[in-house]
Amino acid sequence: MNEWKKGLVLFSAMLSPLAMADWQVDVNFEMDRAGKQHRAQTSVSLVPGEETVLFDNGEATGALIGKAELLEVTADEVKISLLVQEQCDDGGWRTIMSPVVSAGLNAPASVKQSNEQLDEFASLKVEITSV
């Protein structure tokens with residue numbers, strides 16, 4: 001039983017800095033649709049439980065926005081929810097991709113998605129670091 005308590009204390013001490021760390025996400029988004037390209041690169045801090053805007057092209061029509069939310073932190077990986085949307089001509093929003101990405105620290109993860117109906121290809125590369 002004594003060994004179990006020692007292991008629990010060591011595990012808690014190891015996770016404690018992770019729970020209090022500041023998380024930085026570096027994002028590279030690319031989308032090609034019928035010859036038109038959209039690209040966004042950004043680096044922002046994530047706060048657990050809060051949605052963070054990664055990028056927003058700021059256009060009045062055809063706005064493209066990316067958001068992220070830090071979901072879970074473990075000793076091995078960080079899990080974030082990503083959402084990329086485009087504003088349609090009618091004012092509504094179309095989701096381009098909405099993956100949940102699990103990545104190790106300083107270990108890039110990528111997501112690729114294609115929509116053959118729209119002749120669209122989207123790619124999202126994510127790297128998470130602790131600062």
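**Reading the terms**

Mentor: Let us begin with L54, which touches V25, V27, T42, V44, G66, K67, A68 and L82, leaving aside residues up to four places away in sequence. A contact here means heavy atoms within 4.5 Å.
Mentor: This is a predicted model, where local features need pLDDT of at least 70 and side-chain atom pairs count only at pLDDT 80 or more, while totals for chains, interfaces and linings use all residues. Residues are numbered from 1 along each chain as its sequence is written, and side-chain values use heavy atoms, with hydrogens and water left out.

Trainee: What makes a group of residues a nonpolar core?
Mentor: The members are buried Ala, Val, Leu, Ile, Met, Phe, Trp, Tyr and Cys residues joined through side-chain atoms within 4.5 Å. The largest such core has 27 residues, and L54 is among those with the most contacts inside it. Strand β1 (residues 23-33) gives the most to this core, with five residues.

Trainee: Why is L105 called partly exposed?
Mentor: Buried means under 20% relative accessible area and exposed over 50%, with partly exposed in between (1.4 Å probe, protein chains only). L105 has 37% relative accessibility, so it counts as partly exposed. L105 sits in the loop between β7 (100-103) and β8, and touches W23, V78, I128, T129 and S130, not counting residues up to four places away in sequence.

Trainee: How do you know that β8 and β9 pair?
Mentor: Two strands pair if DSSP finds at least two bridges between them. Seven bridges join β8 to β9 (residues 120-130), so by that rule they pair, and they run antiparallel. The strands themselves are DSSP runs (E, at least two residues), numbered from the N terminus.

Trainee: What makes β2 and β8 edge strands?
Mentor: Four strands form an open sheet in the order β2-β1-β9-β8, with antiparallel pairing. Strands β2 (36-46) and β8 (109-115) each pair on one side only.

Trainee: How confident is the predictor in the protein chain?
Mentor: pLDDT is the predictor's confidence in each residue, from 0 to 100. The chain averages 80, and 82% of the residues score at least 70. Over residues 4-14, however, the pLDDT is below 50, and beyond near neighbours in sequence this stretch has one contact in the model. Where pLDDT is low, the predicted coordinates should not be read in detail.
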